[in-house]
Structure formats: C-alpha cells, structure tokens
Amino acid sequence: MTEKNFYITTPIYYPSGKLHIGSAYTTIACDVLARYKRLMGYDVFYLTGLDEHGQKIQQKAEEAGITPQAYVDSMAVGVKELWELLDISYDKFIRTTDDYHEKVVADVFERLLAQDDIYLGEYSGWYSVSDEEFFTESQLEEVFRDESGKVIGGIAPSGHEVEWVSEESYFLRLGKYADRLVEFFHAHPDFIQPDGRMNEIIKNFIEPGLEDLAVSRTSFTWGVKVPSNPKHVVYVWIDALLNYATALGYGQDADANFEKFWNNGTVFHMVGKDILRFHSIYWPIMLMMLDMKLPDRLIAHGWFVMKDGKMSKSKGNVVYPEILVERFGLDPLRYYLMRSLPVGSDGTFTPEDYVGRINYELANDLGNLLNRTVAMINKYFDGQVPIYKENVTEFDADLAAVVAENIAIYHKQMDAVDYPRALEAVWNIISRTNKYIDETAPWVLAKDEAKRDELAAVMAHLVASLRVVAHLIQPFMMTTSNAIMEQLGLGTDFDLENLDLAELPTGLTVVAKGTPIFPRLDMEEEIAYIKEQMEANKPAIEKEWEPEEVELKLNRKEIKFDDFDKVEIRVAEVKEVSKVEGSDKLLQFRLDAGDGEDRQILSGIAKYYPNEQELVGKKVQIVANLKPRKMMGRISQGMILSAEYGNQLTLLTVDQNVPNGSLIG
C-alpha cells in the first residue's frame with residue numbers, strides 16, 4: 001500500500017431540511033484532516049455529498065408541489081453554499097441522483113442478486129420515514145397501545161414516529177457474513193474508533209444474531225429501480241453506502257482514482273455515532289460480497305447537544321453555522337467545534353462557552369501574543385526580526401523543549417483524530433510563549449544596551465514560536481494562520497513535516513502596525529445575540545402532546561378540530577416594513593389586522609425579499625393569537641404565514657378586496 005494516498009469521506013447528508021452545526025462539525029472535522037494530510041505530504045481525495053433518494057424526499061417534494069429532482073436540486077445548491085461559507089476543501093461532491101452512481105447501484109444490486117447474496121421475500125415491521133429505517137418492537141423507545149393492549153404505533157430511538165409496513169422486499173444476507181465480519185474486527189482492533197465502539201457493535205447487534213436486511217421498497221418510487229423487478233426501488237442503505245466507491249470511479253470506465261485511493265491508499269470514513277451500525281456492519285459486508293478491500297478506519301464521533309438535550313427546533317435550541325460565521329467569522333466556529341467535542345462522547349454547546357473561548361483563548365492567549373510581539377519588534381528593532389540564536393537567555397532551552405514536545409504530541413493526536421488534545425498541545429506552546437515574555441521581561445532588557453543580544457534572542461524566539469503555532473493551526477483556522485504569518489513577514493508557505501522552532505528564516509520584517517486578529521467581544525451582548533438567533537429558529541406554535549392523544553402522536557398530519565380551532569388566522573395589510581439593524585435575517589412589519597390597533601411582527605425572511613418595500617400594501621395571512629415574544633430586543637406580536645419549497649420562500653397573500661381582519665378558517 002502507498003501510505004501517501006489518503007481518502008477521507010463524510011457521510012452523505014440527507015437534504016430534508018437545513019443543516020445545523022452537527023453536520024457542520026463532521027464536514028469541518030474531515031476538512032481539518034484533509035488539510036493536515038496535505039501539509040504532511042499526502043495526496044488526498046476528500047469526498048462529501050448528498051443522499052437524495054427515499055420516501056422522505058418524495059414526501060417533501062409533494063408537499064412543496066415540485067418534483068423530487070427539483071427539490072433535491074434546490075437543496076444541493078444550499079448545501080454547496082454552506083460548504084463554501086465554511087471553506088470546505090472537498091475534491092468531489094457526490095449526489096446519489098448522479099447518473100453514473102445510479103447505474104452502478106443497479107448493476108451491484110443485480111450482481112448480488114445473481115450470486116444469491118440478495119433474495120426476494122416479504123417484510124413486516126415498524127418503519128420510520130424520517131430515519132429510513134425499520135425497527136423491531138423491542139427497539140422502539142416508546143410503544144403506543146389501544147384499549148386491548150395491541151401495539152398501534154411508537155417512537156423510534158431517534159424520537160421520530162413509526163408506522164407499520166408490510167410489503168414485498170429484497171433482503172441482503174447479512175447473517176451469512178457475520179462470522180467473517182467478527183474475524184475482521186478482531187484482526188483490525190483499531191478499525192472502529194473511538195475505543196469501545198467496536199465492542200458495542202459486536203455485543204448489541206452481532207452476538208444477538210444478525211438478521212438479514214430489507215434492501216428494497218415498493219411503497220414509493222423515488223429511488224434507483226431494480227432492473228429485473230422495477231416495481232422495487234433500492235433501499236437507501238445500499239444506494240447511499242455505495243457512494244464511497246462510485247465517487248472514485250468504481251464500476252465505471254474511468255476508475256483510476258479508485259485504484260489509487262481505494263486499492264492503494266488509506267480509506268478513512270467519518271460518521272456520527274447514530275449511523276455507526278450501517279457503516280460498521282452493512283458496508284463491510286457489502287464490500288465482502290463484492291470482493292473489495294475494506295476501509296482502514298471508521299471514526300464515529302459524538303454529538304453537540306444543548307443543556308436541555310439534543311438539538312431540536314421545537315425546543316428552540318438549534319444553532320445554524322451561518323449565524324455564527326456571519327457574526328463572529330469562520331475561524332472561531334472551526335476552532336470551537338474542533339476544540340469542544342471530546343473524542344468518544346458528546347459535547348455541550350452553550351452561547352457562554354462559545355463567546356468565552358473567543359475572548360479568552362483566541363483574543364487573550366493567541367491574539368494578544370501576536371500583538372505584543374509585533375509591537376515590541378517595531379519598538380525595539382524598527383520592525384526587523386533578529387536572527388534566531390539558541391540558548392542566549394536562561395529561558396530559551398525550556399521554551400524550545402516545550403515547543404518540540406508539543407509538536408510531537410500534536411502529530412500524535414492528529415493521527416488519532418483527537419482534535420481537542422491536538423489543539424491543547426498548540427495552546428501549551430502559546431501559554432509557554434506568553435510565560436516566556438514575562439520571564440525575560442523585554443521591556444527591562446531594552447533599558448540596558450548590554451542586554452541587546454538577549455533582547456534580540458527573545459524577539460526571535462517569539463517570532464519562531466508564533467511561526468510554529470501558525471503552521472499547527474493551519475488545518476483548523478486558515479485565515480488566522482495566514483494573518484499571523486503575514487504580520488510576521490513570513491509569507492504563507494506551510495510544511496508540517498519538517499517543523500522546528502529553530503527553522504526561522506532570516507531577513508524578516510513585521511508589519512508596521514499589527515491588526516488584532518480577534519478583537520475582544522462584549523460577552524453579555526454576544527451571548528444575548530446567539531440566544532436570540534436560537535429563539536428565532538423556534539416554531540411559533542407549540543403543542544404539549546398529552547399521553548392519551550395517541551392518534552395525534554401517531555400521525556401529526558392529522559389533528560383534532562379542537563386543536564385547529566385554537567389557531568386564529570387573520571388577514572393583515574402591510575403598512576410599513578424595514579430591516580432590523582444588527583440582523584441579516586429579520587424584517588420588522590407594521591400591520592393593520594383590522595382590530596383598530598397596528599401590530600408589530602418580526603419575520604426572518606430578509607434574504608427572500610432583498611427589496612422589502614415591495615411588500616408594502618400587500619395583504620398577508622398572520623397567526624394573530626400567538627403569545628408575543630421578544631426578538632433582538634423588539635416585541636413580535638404574531639407570525640406571518642409563508643410557503644417554503646426547496647430554498648425558496650413566499651409570503652401567503654390574499655385578494656386586495658378582502659377586508660383587513662377577516663378570519664381565515
């Protein structure tokens with residue numbers, strides 16, 4: 001195997017809604033590894049993309065009144081824009097609707113059918129549309145029963161509701177390969193990371209008996225049709241998992257990348273812990289069936305959760321990456337996500353922690369070190385960086401030892417994909433360098449001409465240390481890394497393979513006046529901003545589901561008339577509309593709802609109406625009896641109704657002749 005070929009993949013994301021920081025975490029984590037490997041001299045291929053087939057997509061498209069293809073096309077645009085915002089350096093963006101991928105999926109299905117690794121049968125079980133997954137009754141988190149005790153529904157471990165499905169289906173013979181899979185696990189104990197996850201898979205899924213997997217559906221049509229039996233579409237997990245091979249050219253004429261990166265490289269998958277089972281059982285077994293090499297590493301990371309549990313729109317605790325990047329910049333987001341999720345467990349996102357890390361670790365520790373260094377070199381040496389010399393002061397050797405030790409730790413932790421500890425090693429260098437300033441006291445040395453050589457050595461050591469830091473953070477924070485190098489006159493050439501404190505170029509000139517790379521933030525103001533943005537993502541209408549409301553819980557599309565009757569929808573005329581200062585999303589409306597008093601409503605639709613004045617005079621539909629809430633320090637007295645389809649949004653309007661305040665029902 002050629003170790004210098006490296007293939008890294010994210011899971012392909014299901015485009016049924018807007019991606020939050022959980023998906024951003026995985027994609028940035030893979031991006032960090034791809035950038036690190038490139039800087040270590042590897043030839044890297046980085047893959048990400050979308051899983052675009054399935055029942056949920058078909059339903060979303062039907063609700064929007066468009067074709068499934070039009071729906072996923074619009075969603076793909078939004079995801080690519082997000083990855084561009086996050087500066088993701090992927091080499092390919094695959095979509096499972098790509099024609100080459102669909103052809104290989106159909107061919108593979110027929111091949112496995114011909115070799116009796118797939119067979120036709122019938123499946124009955126509890127199915128979650130949202131998860132695209134079947135569950136046994138014992139696997140359900142909650143079970144609903146009728147008066148006789150018969151199970152009539154339930155909730156999957158993900159929190160999504162299930163429905164009973166009974167249909168003809170093709171099955172993948174997983175059980176036939178169970179022993180071989182366990183042998184592979186034991187022969188490759190580092191295959192699944194972090195430690196402990198492999199034993200969970202064996203104990204929870206393989207030892208109880210590996211059941212064959214349903215791999216086709218007949219109840220919907222949006223998917224790859226089985227060529228020999230086209231009433232069946234290939235179930236998502238065969239379709240989706242094969243993307244890792246088809247993206248490199250597997251099963252196609254142009255398969256040079258497959259030979260290079262799969263057969264003669266390191267294959268590295270990163271996924272969230274919720275889909276580990278599919279990647280650690282179904283995918284390896286499929287590869288065994290196809291006589292293909294198995295991946296080298298499978299990382300299953302934890303989740304970012306909130307203080308009140310998993311992110312949920314209904315809780316008003318969802319955080320989208322765009323709001324953080326637009327407000328604070330990209331590098332703080334990349335740093336926070338990579339520093340704050342412990343390997344092997346979940347991490348908790350709080351606005352306080354987010355702003356605190358920016359102020360204390362980025363602004364105080366790193367930003368202040370750079371500012372002081374640039375200022376002192378300008379003050380004491382007219383901007384010229386002195387030549388690096390070892391062991392001039394009594395503190396030089398210890399600084400050099402700490403830097404060398406933590407460079408080694410950094411590489412070890414990067415190889416282990418333990419980003420928090422890798423960044424901790426970098427901050428050890430930053431902390432030791434800040435301490436070095438206090439120890440050497442350059443302001444004292446500068447008063448004694450006899451100490452000129454010591455002062456010069458201190459300045460050179462500071463620049464050399466910052467150069468090391470800039471190289472080490474390059475995979476994480478590209479803009480910050482480049483800014484440090486440029487302020488120190490170092491250019492932007494990076495090489496992590498041969499990084500050493502003493503390798504400081506000569507003839508450097510720092511900038512005449514350094515610009516703070518991380519200005520300090522007003523903690524209270526910025527924490528409030530993040531909380532307001534989270535609250536703005538919360539649905540305006542909430543309903544506490546009582547245990548006895550089984551019928552409503554089983555099918556949320558069907559509600560009782562009494563529930564609908566509580567909602568007061570009225571016609572309102574837009575009298576004024578303006579952008580909300582300090583927000584890129586909110587518009588502030590003054591409306592006449594026919595009740596003798598104008599009301600104010602804030603709505604996060606600014607990007608859909610760049611010329612907001614076109615809305616003045618229109619008659620819209622509002623939910624008039626919502627409890628008022630505060631957004632960006634302003635009161636919002638209701639909600640304006642709109643229709644969403646793909647990445648588009650349109651306010652629902654009524655005929656101009658309908659009087660203001662008319663009740664809609």
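User: What does "buried" mean here, as used for Arg-334 and Asp-31?

Analyst: Buried means under 20% relative accessible area, exposed means over 50%, and partly exposed lies in between (1.4 Å probe, protein chains only). Both Arg-334 and Asp-31 are buried. This is a predicted model, where local features need pLDDT of at least 70, side-chain atom pairs count only at pLDDT 80 or more, and totals for chains, interfaces and linings use all residues. Residues are numbered from 1 along each chain as its sequence is written, and side-chain values use heavy atoms, with hydrogens and water left out.

User: Why is the contact of Arg-334 and Asp-31 called a salt bridge?

Analyst: A salt bridge needs a side-chain nitrogen of Lys or Arg within 4 Å of a carboxyl oxygen of Asp or Glu. For Arg-334 and Asp-31 the N to O distance is 2.7 Å, so the pair qualifies. The count by this rule is 34 salt bridges.

User: What makes Asp-87 and Arg-35 a salt bridge?

Analyst: Their N to O distance is 3.5 Å, and the limit is 4 Å.

User: Why is Asp-87 called partly exposed, and why is Arg-35 called buried?

Analyst: Asp-87 has 34% relative accessibility, which lies between 20% and 50%, so Asp-87 is partly exposed. Arg-35 has a relative accessible area of 15%, which is under 20%, so Arg-35 is buried.

User: How do you know that Lys-451 and Glu-454 form a salt bridge?

Analyst: Their closest N and O atoms are 3.6 Å apart, and the rule asks for within 4 Å.

User: Which residues do salt bridges with shared partners join into one network?

Analyst: Asp-31, Arg-35, Asp-87 and Arg-334.
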